[in-house]
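This report covers the surroundings of a ligand and a contact between two chains. The sequence and structure come first.

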Amino acid sequence: MIPVCRLADLPAGESVRLDTTPPVAVFNADGELFAVDDTCSHQDASLSEGWLEGCLVECPLHAASFDLRTGRPTCLPARKPVRTHEVHVADGMIHVRLAADVAATGEGSAA
Amino acid sequence: MRAVTVVGASLAGLYAARELRAQGFAGRLTVVGAEPHQPYDRPPLSKDFLTGAGDEDRAAQVDRIALTDPEELAELRAEWILGARARALDVRDRTVVLDDGRTLASDGVVVATGASARRLPGPPLAGVHTLRDLDDARALRAELTRGPRRVVVIGGGFIGAETASSCVALGHDVTVVEAAPLPLAAQLGTELALVCAGLHERGGARLLTGVGVARLRGGGVAAGAGAGAGAGAGAGGADWGRAGAEALPAVRSVEFADGRSLAADVVVVGIGATPNTGWLAGSSLAVADGVLCDDGCATALPQVVAVGDVARVGGVRAEHWTSATEQPRVAVRNLLAGRTVEAARPLPYFWSDQYGSRIQFAGRREDGDTVRILEGSPEVLDEGGFLAVYEREGRTTAAFAVGRARPFMKVRRELAAQESRAKETVV
Ligand SMILES: Cc1cc2nc3c(=O)[nH]c(=O)nc-3n(C[C@H](O)[C@H](O)[C@H](O)COP(=O)(O)OP(=O)(O)OC[C@H]3O[C@@H](n4cnc5c(N)ncnc54)[C@H](O)[C@@H]3O)c2cc1C
Ligand code: FES
């Protein structure tokens, strides 16, 4: 489990990027927390800098949109999903459990 | 409509094919492309593709920039005629004629033939490149991986700047030559063009401005000539920089109009692109630096629409990735409706990656707009970049950012919303 930040420090509508390899983005979508790979599956942009609307995040470079619940793109130009990761809150701290297949190439969607 | 032919099998052509199916066109769909490759994405060609590992195999290189995959290709149910060039459009019976003599009868035609890199006049020399397509990029990359070179990039626009940045990253000695007093001033205005100009020096390239190129001088025969030229390059005939480099003299220097010159082993000519409209000559379609279209991408013939770099839509020809991906939805809607029922006026947007900085621009800037820095500072780019807006009469007209994707996106969305409100008021 990787500590992220205090829950109080991630208000609704905000996101934070973890410098893991590969980097992970954690979002507070109207009170629900989600974590996905930070790098857009299309090219090279950071989803933590994207536009959060409900459970969707829009990539800041070419506007592909991803469903944070599944990691799946909901529109072009992205065609591949981003991996989702488990988020836990304990004692007011947010933690992320990275999907087991970080190094693998496969269908990474745990959660 | 029973048969539609899309001419041009790149970004705008592929998006048009997708839209045709998404909007319920069930008839025969044919996509014709002059290049032998499946649709691929051009922006990486001047960026990651040039700097990526040189020994990677071809299939992997192309895979990374592919715009589609076998599943989607199956879903599209299109016939792809690749490596074939359209030579004419016969508007009377709406037939597309290919250079091998084949004819494709169509009820509707989507013109998506893009643009070609402008070249310098003069005899071909080895070591001189343009950068527009995959074969260009491969040829340049092969040359850049053969050891340190003196690279001269002619043209300080975005493609020139990105190419220079990639060449620096590969360890070459790089000079960018720009005829205007300042590159990108027409696009960005003086103030922010100066910031972009500063990126070159910061990044380790020289920038020479206000110098016109008179000619390229060559001599001897290129060392290792032919080794780098990509296969499949034959189609270009006598094109520079990619015509079989077999026995061409190698470029030695760039000579300027004022008599000075600069020694060069590699020259990249990045002086803009011209729309590929030659094949429409004699078709009665109006062409003036692009295929003339109304606001909805429709030409004077309702069965012919144009999209992407080749299209002059409502008086404007954009050479941006986002226009090429957004116009097809509206163009196809109007094509299927048989008349213009919707206008395509996407908010202009482009990005560029240079020397480790990501630049983004959106909106409609005009000369005389004032620049206001909202966040960060152009002086200390290393500390998180900056966000600027252009303003006119108290209104925001455009936004520009270096390394500030998140706040930029907010302004970009506001600009888009402002624009769609304005459109509603007009209607
Ligand atoms: C190196 C490079 C970097 C770029 N970087 C950026 C960037 O960072 N940001 C950005 O916003 N934009 C960028 N662009 C611009 C963007 O790539 C273009 O706007 C986009 O490719 C336009 O798509 P298109 O389909 O209209 O035209 P094109 O991509 O030019 O495709 C046209 C296709 O039609 C084919 N064709 C031409 N004539 C015929 C014919 N007679 N018959 C059949 N086929 C024909 C051509 O071979 C080509 O494959 C870049 C472009 C280049 C070249
Ligand atoms: S990098 Fe995210 S949509 Fe292109």
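## Polar contacts of ligand 1

In this predicted model, a polar side-chain atom of Arg132(B) is 2.7 Å from an oxygen atom of ligand 1. The side chain of Arg42(B) places an N or O atom 2.5 Å from an oxygen atom of ligand 1. Thr113(B) takes part through its backbone, with an N or O atom 3.5 Å from an oxygen atom of ligand 1.

## Shell around ligand 1

On its own, ligand 1 has 990 Å² of accessible area, of which the protein covers 95%. Two or more residues of the shell come from each of H1, strand E2 (28–33), helix H6 (158–169), helix H8 (321–337) and E21 of chain B.

There are 34 residues around ligand 1, and those that come nearest are Glu35(B), Arg42(B), Lys47(B), Arg132(B) and Asp309(B). By class, the shell holds 17 nonpolar, nine polar and eight charged residues.

## Interface of chains A and B

Contact involves 19 residues of chain B and 20 residues of chain A. The two chains bury about 1,600 Å² between them, with 49% of it on carbon and sulfur atoms. Of the area that chain B buries against chain A, 39% is supplied by Arg406(B), Met409(B) and Arg413(B), more than by any other three residues.

Five salt bridges are counted between chain B and chain A. Asp69(B) forms a salt bridge with Arg79(A), in which the closest N and O atoms are 2.9 Å apart. Helix H9 (405–426) of chain B is one of the elements that give two or more residues to the side touching chain A, and H9(B) gives the most, with six residues. That side of chain B has eight nonpolar, two polar and nine charged residues.

Conventions. Residues numbered from 1 in each chain as written. Chains lettered and ligands numbered in written order. Predicted model: local features only at pLDDT ≥ 70, side-chain atom pairs only at ≥ 80, totals over all residues. Heavy atoms only, no water. Contact = heavy atoms within 4.5 Å. Buried area = accessible area lost by both parts, 1.4 Å probe. Salt bridge = Lys/Arg side-chain N within 4 Å of Asp/Glu carboxyl O. Helix = DSSP H or I, 4+ residues; strand = E, 2+ residues; numbered from the N terminus. Nonpolar A, V, L, I, M, F, W, Y, C, P; charged D, E, K, R; others polar. Near = heavy atom within 4 Å. Polar contact = N/O pair within 3.5 Å; in protein donor to acceptor, adjacent residues only side chain to side chain. Areas by Shrake-Rupley, 256 points an atom, 1.4 Å probe, with all protein chains shown as cover.
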